Number of protein chains: 2
Amino acid sequence: MASSPKYLTGDKAAINEFLDKFDVFLFDCDGVLWSGDHLFEGTVETLELLRSRGKQVVFVTNNSTKSRADYKKKLESMGIPATVDEVFGSSYSAAIYISRIIKPQPPRNKVFVLGEAGVEAELESENISYIGGTDPSLRRDITPEDFKAIASGEALDPAVGYVLAGLDFHVNYLKLSIAFQYLRRGAKFLATNVDSTLPNAGSLFIGAGGISAPLIRAMGGEEPIAFGKPNQSMMDAIEGKFRFDRSRACMVGDRLDTDIKFGIEGRLGGTLCVLTGVSKREDWEAENPAAVPAAYVDTLGDLRVAA
Amino acid sequence: MASSPKYLTGDKAAINEFLDKFDVFLFDCDGVLWSGDHLFEGTVETLELLRSRGKQVVFVTNNSTKSRADYKKKLESMGIPATVDEVFGSSYSAAIYISRIIKPQPPRNKVFVLGEAGVEAELESENISYIGGTDPSLRRDITPEDFKAIASGEALDPAVGYVLAGLDFHVNYLKLSIAFQYLRRGAKFLATNVDSTLPNAGSLFIGAGGISAPLIRAMGGEEPIAFGKPNQSMMDAIEGKFRFDRSRACMVGDRLDTDIKFGIEGRLGGTLCVLTGVSKREDWEAENPAAVPAAYVDTLGDLRVAA
């Protein structure tokens with residue numbers, strides 16, 4: 001059993017001591033900086049405080065619907081200055097893996113995408129061929145002709161060798177059927193991330209894991225290779241870029257099973273849980289918690305008292 | 001290890017001996033009588049042969065998209081005479097369970113349906129209140145306003161106490177999000193069936209299990225109560241209706257994990273697997289097969305040589 005996390009809210013000395021231990025802060029976004037379109041109080045000031053103390057700030061998100069450029073825009077629209085390089089998303093992580101590790105070769109080098117424009121943008125940034133995604137011709141009901149054409153293969157592109165599933169707000173039976181048929185024909189199964197839920201509007205919605213779940217079930221339990229937190233391929237990519245000392249880095253997040261686990265398995269110097277998102281204190285006090293953070297605060301803004 | 005299934009194709013004496021052992025034949029439909037809109041050769045004649053020998057025929061389907069009346073029409077359009085009473089579907093099985101076992105009481109007596117008209121028709125036949133289903137106002141993309149109204153509960157009906165998930169060819173993120181929110185607020189999780197795949201057009205597509213899978217994942221692994229084969233609530237309902245001797249009944253199907261398991265766990269006198277659907281001989285010859293049939297034929301029509 002890990003030791004109890006330290007509660008930092010309201011304890012200026014403990015906060016300063018904690019912040020001094022790190023040079024790099026990796027931030028989960030949804031549920032930490034904001035929920036949906038609602039920015040939490042004190043987020044901007046806390047990030048300013050960290051930057052003013054010379055800390056490197058990295059925004060690490062499993063949200064696959066947005067590209068890094070989209071995220072930079074979102075951060076700035078919230079009043080948080082950021083560069084594209086400071087953003088790591090699961091779509092980017094997936095694109096990097098495909099282009100640099102898999103290195104797809106013809107004749108089966110295309111990716112069939114279940115997801116939004118963010119996945120497409122990151123695949124494009126790595127020059128990966130793809131179909132599906134936001135293609136408007138697939139945003140419709142399945143027809144009897146589709147069943148035949150998908151079954152026969154007529155509706156399929158023989159160059160597809162990979163299925164990449166991310167969060168798709170336009171998921172439908174037609175796209176799932178096409179993805180399943182590619183998998184049945186041997187395409188490699190990848191997912192930007194498999195988060196069970198998505199925090200939004202102060203509640204929880206279906207996460208990217210809900211898009212791959214029908215395929216996992218139809219494939220008899222075959223799980224995709226997933227790139228979001230807590231998968232360490234993302235940590236390796238971040239480290240490869242920033243070349244930081246892991247012992248001087250802290251992961252800040254709201255979910256034990258993704259963020260905090262990501263930091264612990266990545267052997268970072270620290271993890272900080274905020275209670276503005278999915279996980280609550282009961283979750284790490286329960287038996288067999290997914291992960292136990294080193295410290296926690298009620299909200300990220302509570303760190304401001306350090307100033 | 002169960003003994004090897006007997007191969008009956010081409011063996012007239014063995015077929016007659018097998019048929020003589022039973023008074024009732026329960027038939028799975030998709031993958032046994034037909035695949036999609038393609039009727040297998042010999043289906044009609046085989047059913048006529050069984051009826052001419054005084055056998056009771058029951059059509060047992062996990063397809064939740066069709067009501068019993070729809071199925072009777074489908075059977076007749078294929079040239080197979082049938083009555084509504086000879087049809088047992090997973091939607092009917094679910095409706096019976098809700099009305100007769102659960103007996104929903106106000107103020108939370110409504111069912112939110114993920115599924116097609118077949119589920120609605122069976123719920124109506126049991127006077128169960130429902131929303132969702134084929135409601136055209138839910139066949140659209142989710143909007144930012146939806147996220148807020150679902151999260152706040154404004155978009156929800158407080159009378160909903162049950163979520164019933166069946167195969168929904170019009171599944172979308174909006175409907176999944178609403179269903180998930182009802183479940184988070186304590187609605188009971190039910191599924192017509194959780195088949196991993198759907199045979200159609202000579203291939204496999206996403207089954208009803210793919211509709212509940214995103215909800216199961218989002219609910220942290222909570223499984224619905226499911227009513228399709230191999231769930232024995234369906235067998236009990238069939239027995240309740242036909243009052244047959246289980247030792248004189250035979251389940252005919254194409255799937256080890258649903259049909260054959262259903263017959264074995266229901267302690268029927270026999271099970272017959274046809275190779276025109278999902279399962280192949282390798283499947284029961286593998287280690288730890290889902291179930292092993294008593295006998296098998298290449299196609300249902302092979303039974304005609306008994307005549």
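A polar contact is taken here as a pair of N or O atoms within 3.5 Å; within protein, one must be able to donate a hydrogen and the other to accept it, and residues adjacent in sequence count only if both atoms are side-chain atoms. The model is predicted, with local features requiring pLDDT of at least 70 and side-chain atom pairs pLDDT 80 or more, while totals for chains, interfaces and linings use all residues. Side-chain values rest on heavy atoms, without hydrogens and water, and residues are numbered from 1 along each chain as its sequence is written.

At a relative accessible area of 3%, A:Lys229 is buried (under 20%; exposed is over 50%, partly exposed in between; 1.4 Å probe, protein chains only). A polar atom of the A:Lys229 side chain lies 3.1 Å from the backbone oxygen of A:Val60. Contacts (heavy atoms within 4.5 Å) of A:Lys229 include A:Asp28, A:Asp195, A:Asp259 and A:Phe262.

The backbone also deserves a look. A:Lys229 is joined to A:Pro230 by a cis peptide bond with omega of about 5°, and in chain B the bond from B:Pro106 to B:Pro107 is cis, with omega near 5°.

Positive phi values in residues other than glycine occur at B:Arg243, near 45°, and at B:Asn288, near 50°. B:Arg243 is exposed at 69% relative accessibility, and B:Asn288 is exposed at 72%.

Methods. Chains lettered and ligands numbered in written order. Lists of a residue's contacts leave out its neighbours within four places in sequence.
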